[in-house]
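Please keep the sequence and the structure in view while reading.

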Amino acid sequence: MIGISDDYASIDVSGISFYYGYEETNENGEWLFAIRKDGSLLFSIPNSKLENTNTCEEALLCGIEKAILKGVISVKKAY
């Protein structure tokens, strides 16, 4: 399922949730990109580390990119 609003963007696939928005914050109140599997936090990164993002959708995609580059999630070629 995909959800997009002014204050969050999310993708939920097979028990894994990719989320950016107001419901996930750090101790300073900064919004986070977070990945959860079956409710357990696997990875998070604050908005200040999501470069060149102006919308929640951009922050969500940037967070997914950073998770892939850090090896948190892997992507297999479809062809």
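A residue is called exposed when its relative accessible area is over 50%, and buried when that area is under 20%. The model is predicted, and the protein chain has an average pLDDT of 94, with 100% of the residues scoring at least 70.

**Confidence by element**
- Among the elements of the protein chain, the lowest mean pLDDT, 95, belongs to strand 1 (residues 2-4), while the highest, 97, belongs to strand 4 (residues 31-37).

**Positive phi angles**
- Most residues other than glycine have a negative phi.
- Ser 14, although it is not a glycine, has a positive phi of about 50°, and this residue sits in the loop that runs between strand 2 (8-13) and strand 3 (16-25).
- Ser 14 counts as exposed because its relative accessibility is 73%.
- Asn 52 is not a glycine either, yet it has a positive phi of about 55°, and its place is in the loop between strand 5 (40-46) and helix 1 (56-69).
- Asn 52 has a relative accessibility of 76%, so it counts as exposed.

**Cysteines**
- The structure holds zero disulfides, and a disulfide would need two cysteine sulfur atoms within 2.5 Å.
- The cysteine sulfur closest to that of Cys 56 is in Cys 62, and because the distance is 13 Å, it is too far for a bond.
- Cys 56 has a relative accessible area of 8%, so it is buried.
- Cys 62 is likewise buried, with a relative accessible area of 8%.

Notes. Residues are numbered from 1 along each chain as its sequence is written. This is a predicted model: local features need pLDDT of at least 70, side-chain atom pairs count only at pLDDT 80 or more; totals for chains, interfaces and linings use all residues. Side-chain values use heavy atoms; hydrogens and water are left out. pLDDT is the predictor's confidence in each residue, from 0 to 100. Helices (H or I, at least four residues) and strands (E, at least two) are DSSP runs, numbered from the N terminus. Buried means under 20% relative accessible area, exposed over 50%, partly exposed in between (1.4 Å probe, protein chains only).
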